[in-house]
Each structure stands twice: as C-alpha cells, then as structure tokens.
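Q: I am new to this structure and would like to know what its descriptions rest on. Could you take me through it?

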Amino acid sequence: MRYNHLKEWEDTVDKAIEEVINDEYKFVKNDNDKTNLAILFDTGSALSDVADVMEFGAKKYSRKNWNKVDDKERYIAAPLRHLLAYSKGEKIDPESNKSHLAHAICSLLFLLEIDNEAIKLKEELQNENNR
C-alpha cells in the first residue's frame with residue numbers, strides 16, 4: 001500500500017519536472033498567419049515535372065531568362081498553346097519531351113511572378129513618393 005503512494009508521488013513529481021522543463025525550453029513560433037509553403041509538397045510529382053520544364057528552359061536559354069521578356073502576352077499565349085495541345089490528346093511536348101501541363105504551369109508561374117514583382121515595385125515607389 002505504501003509503495004503505491006510512493007509511486008504516485010514519484011509520478012507526480014516527474015510530471016511536474018517535465019512540465020517545468022517543457023515550459024522553460026518550449027519552442028514558440030508564431031507563424032499561423034504565414035503561408036504554409038510545405039503544402040506544395042502535396043503535389044510533389046507535379047512539382048517535379050514543373051521543375052523539369054524549368055531546367056529544360058534554363059539549359060536552352062538561361063536561368064531566369066523568362067524574367068527578361070518584356071511582352072507579358074507571351075506568358076498568356078504559351079500556356080494556352082500547351083493547354084490546347086493537351087486538350088487535343090497530346091500529353092507530351094514534342095520539343096522538350098516534357099508534360100504540356102507542366103509547361104503551362106511554368107508559364108503561369110512566370111506570369112504570376114512578373115505581376116507580383118510589378119505590384120511590389122509599384123508599392124515601393126508609392127511609399128517613396130509618400131515620404
């Protein structure tokens with residue numbers, strides 16, 4: 001009987017010590033309002049296909065060459081061409097031997113990145129003018 005009380009007391013002390021240690025060394029990161037980029041890994045094989053197309057383009061032209069194109073309309077027309085080919089049953093682009101869908105996604109990513117950079121630049125200029 002006495003042993004049970006002693007064991008309960010030891011367990012209570014061990015638990016209390018553990019709570020103190022956990023509270024003192026607890027890692028806190030307030031990132032609830034940040035985008036969970038890791039969610040992109042839910043589509044890992046598709047991301048890999050997109051990366052393959054981006055590598056193909058980087059080898060053919062140069063890395064980030066897409067960012068030097070002044071005519072955004074090219075990045076509107078390109079995914080449409082790839083989607084049209086895909087809708088006609090052609091899954092693979094004959095030039096690159098890569099997925100038409102991955103090509104379309106790349107073009108859309110480039111367009112989105114260009115737009116995001118333009119918005120950022122516009123906001124920076126407005127902030128400078130407001131000073």
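A: Gladly! Helices (H or I, at least four residues) and strands (E, at least two) are DSSP runs, numbered from the N terminus. By that rule, the protein has four helices and zero strands, and its elements run α-α-α-α from the N terminus on. This is a predicted model, where local features need pLDDT of at least 70 and side-chain atom pairs count only at pLDDT 80 or more, while totals for chains, interfaces and linings use all residues. Residues are numbered from 1 along each chain as its sequence is written, and side-chain values use heavy atoms, with hydrogens and water left out.

Q: Why is leucine 37 called exposed?

A: Buried means under 20% relative accessible area, exposed over 50%, and partly exposed in between (1.4 Å probe, protein chains only). Leucine 37 has a relative accessible area of 58%, so leucine 37 is exposed. Leucine 37 lies in the loop between helix H1 (2-24) and H2.

Q: How much of the protein counts as buried?

A: Of its 131 residues, 16% do.

Q: What makes the lining of the largest pocket nonpolar, polar or charged?

A: Ala, Val, Leu, Ile, Met, Phe, Trp, Tyr, Cys and Pro count as nonpolar, Asp, Glu, Lys and Arg as charged, and the others, Gly among them, as polar. Sorted this way, the lining residues come to 14 nonpolar, eight polar and ten charged. Helix H2 (44-60), helix H3 (74-87) and helix H4 (100-129) each supply at least two residues of that lining.
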